[in-house]
Amino acid sequence: MAIEKIKTGLFCVHCGEATPHELTYISDKLVKTKCLKCGLALKFDEQELLLVYSEDFVRRIITKPGRVLEESFNDLSSFLKSLPIRIITKPERIIKEIKDIMDD
């Protein structure tokens, strides 16, 4: 799942002026806007977000064995060197990803 955060200028209804905002996209869908001046955050349909996230997460789980196999064929020594740390850090990275999505 591609999580992308973009900074841009938008009109903030709370500040009453154009201010810097952070836009959060997940799988090319806008899910949250946040004013970087006052902190006002607007989230979009959580059910839709959950659906998009769960579909993408399941797709990533299903395709992971093939991606790992391809990576091992492309560069076995680098793959073997990185594997232990990746196994240890993967749960932390998944938790961070979920927190980033749910973060206000």
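Which helices each supply at least two residues of the lining of the largest pocket? In this predicted model, they are α1 (46–74) and α2 (76–102).

**The largest pocket**

Helix α2 contributes seven residues, the largest share of the lining. Sorted by class, the lining holds seven nonpolar and six charged residues, with no polar ones.

**Helix α1**

Helix α1 comprises 29 residues and spans 39 Å between its first and last C-alpha atoms, close to the 42 Å expected at 1.5 Å a residue. A kink of about 45° is found at T63, shortly before the proline P65. The buried residues in α1 include L49, V52, Y53, D56, R60 and S72.

**Salt bridges**

Six salt bridges are found in a search of the whole structure. Three of them are set out below.

| Side chains | N to O distance |
|---|---|
| D56 and R60 | 3.5 Å |
| R60 and E97 | 2.9 Å |
| E71 and R86 | 2.6 Å |

Side chains of opposite charge can pair when their charged atoms come close. D56 and R60 lie about one helical turn apart, because four residues separate them in helix α1. An α-helix has 3.6 residues a turn, so residues three or four places apart point the same way. Both D56 and R60 are buried.

R60 also meets E97 in a salt bridge. Since R60 belongs to helix α1 and E97 to helix α2, this pair ties together parts that are 37 residues apart in sequence. R60 counts as buried because its relative accessibility is 16%, and E97 is likewise buried, with a relative accessible area of 15%. A network of salt bridges links D56, R59, R60 and E97.

The side chains of E71 and R86 form another salt bridge. E71 lies in helix α1 and R86 in helix α2, so the pair ties together parts that are 15 residues apart in sequence. E71 counts as partly exposed at 31% relative accessibility, and R86 is partly exposed with a relative accessible area of 23%.

**A buried strand residue**

I26 is found in strand β2 (residues 17–26). I26 counts as buried because its relative accessibility is 0%. The C-alpha atoms of I26 and L50 are separated by 11 Å, while the two residues are 24 residues apart along the chain.

Technical notes
Residues numbered from 1 in each chain as written. Predicted model: local features only at pLDDT ≥ 70, side-chain atom pairs only at ≥ 80, totals over all residues. Heavy atoms only, no water. Buried < 20%, exposed > 50% of the residue type's maximum accessible area, 1.4 Å probe, protein only. Nonpolar A, V, L, I, M, F, W, Y, C, P; charged D, E, K, R; others polar. Expected span 1.5 Å × (residues − 1). Bend = angle between axes of the 7 residues up to and from the residue. Salt bridge = Lys/Arg side-chain N within 4 Å of Asp/Glu carboxyl O.
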